[in-house]
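This briefing walks through selected features of one protein model, grouped by topic. Please keep the sequence and the structure in view while reading the points that follow.

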Amino acid sequence: MILEPKQTTVAYRCPVCGQGVISAVGLFALKGDMIKLKCECGGSELTAVRSNDGKVRLTVPCIMCPKPHNFTVSESLFFSRDIFMLPCPYTDVNICFLGDREKVTGELERTELELLDMLEDNDDVQNVWHNWENEDEE
């Protein structure tokens, strides 16, 4: 009997270039070290670390906020769901997707359309981002 190692797909959208970043993450790789998913543009990265208490700690770049968000999920949730989404705590927009590759890819595509609709509907989005950036400089 051959056991397949646990694996999940993790994805996020780069806040710098807007590209979807997606990768498979295996249990053995996660137990061995910090996992970093970097965007090809070099502007963002998601990190995942397994702690000794069986939790996975994620730092996820946010497409809506100027700073990444931290999440903690159980290892069983991280590897067992068909699809699990982590939302920005301020805007409720899903920024991280975990689970089956097809479902994660589908959700990443769906949220891209949602974000484009939001941009079309809201002329003030650029002003909001500009204000957040100025707050960091003060």
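This is a predicted model: local features need pLDDT of at least 70, side-chain atom pairs count only at pLDDT 80 or more; totals for chains, interfaces and linings use all residues.

A polar contact is here a pair of N or O atoms within 3.5 Å, of which, within protein, one must be able to donate a hydrogen and the other to accept it. By that criterion, the side chain of Thr 8 makes a contact with the backbone nitrogen of Gly 99, at 3.1 Å.

**Thr 8 and its surroundings**

- Thr 8 belongs to strand β1, which covers residues 7-13, and with a relative accessible area of 3% this threonine is buried.
- Besides the backbone nitrogen of Gly 99, reached at 3.1 Å, the side chain of Thr 8 also reaches a backbone oxygen, that of Phe 78, at 3.3 Å.
- When neighbours within four places in sequence are set aside, the residues in contact with Thr 8 are Ser 23, Ala 24, Val 25, Phe 78, Phe 79, Leu 98 and Gly 99.

**The four-stranded sheet**

- An open sheet is formed by four strands in the order β3-β4-β5-β6, with antiparallel pairing.
- Strands β3 (35-38) and β6 stand at the edges of this sheet and have a single partner strand each, so one side of each is left without a neighbour in the sheet.
- On average, and with direction ignored, neighbouring strands of the sheet are turned by 15 degrees against each other.
- Strand β5 (residues 55-60) runs antiparallel to β6 and is joined to it by six bridges; within this pair, Val 56 stands opposite Val 73, and Leu 58 has Phe 71 as its bridge partner.

**The nonpolar core**

- In soluble globular proteins, nonpolar side chains tend to be buried together.
- The largest nonpolar core of this model comprises 31 residues, and those with the most contacts inside it are Val 10, Tyr 12, Leu 30, Leu 46, Leu 58, Val 60 and Phe 78.
- Leu 58, not counting residues up to four places away in sequence, touches Leu 46, Thr 47, Ala 48, His 69, Asn 70, Phe 71, Val 73, Phe 78 and Leu 86.

**Cysteines without disulfides**

- The structure contains zero disulfides.
- For Cys 39, the closest cysteine sulfur is that of Cys 17, and because the two sulfurs are 3.5 Å apart, they are too far for a bond; Cys 39 is buried, at a relative accessible area of 4%.
- Cys 88 takes part in no disulfide either, the nearest cysteine sulfur being that of Cys 65 at 3.6 Å, and Cys 88 is likewise buried, with a relative accessible area of 1%.

- Pro 68 is located in the loop between β5 and β6, where its relative accessibility of 47% makes it partly exposed.
- Although Pro 68 and Ser 44 are 24 residues apart in sequence, their C-alpha atoms are 9.3 Å apart in space.
- Apart from neighbours within four places in sequence, Pro 68 is in contact with Thr 59, Val 60, Pro 61 and Cys 62.

Conventions:
Residues are numbered from 1 along each chain as its sequence is written. Side-chain values use heavy atoms; hydrogens and water are left out. Two strands pair if DSSP finds at least two bridges between them. Helices (H or I, at least four residues) and strands (E, at least two) are DSSP runs, numbered from the N terminus. Axes are lines fitted to C-alpha atoms, for helices over the stretch in contact, and angles run from 0 to 180 degrees between N-to-C directions. A nonpolar core is a set of buried Ala, Val, Leu, Ile, Met, Phe, Trp, Tyr and Cys residues joined through side-chain atoms within 4.5 Å. Buried means under 20% relative accessible area, exposed over 50%, partly exposed in between (1.4 Å probe, protein chains only). Contact means heavy atoms within 4.5 Å. A disulfide is a pair of cysteine sulfur atoms within 2.5 Å.
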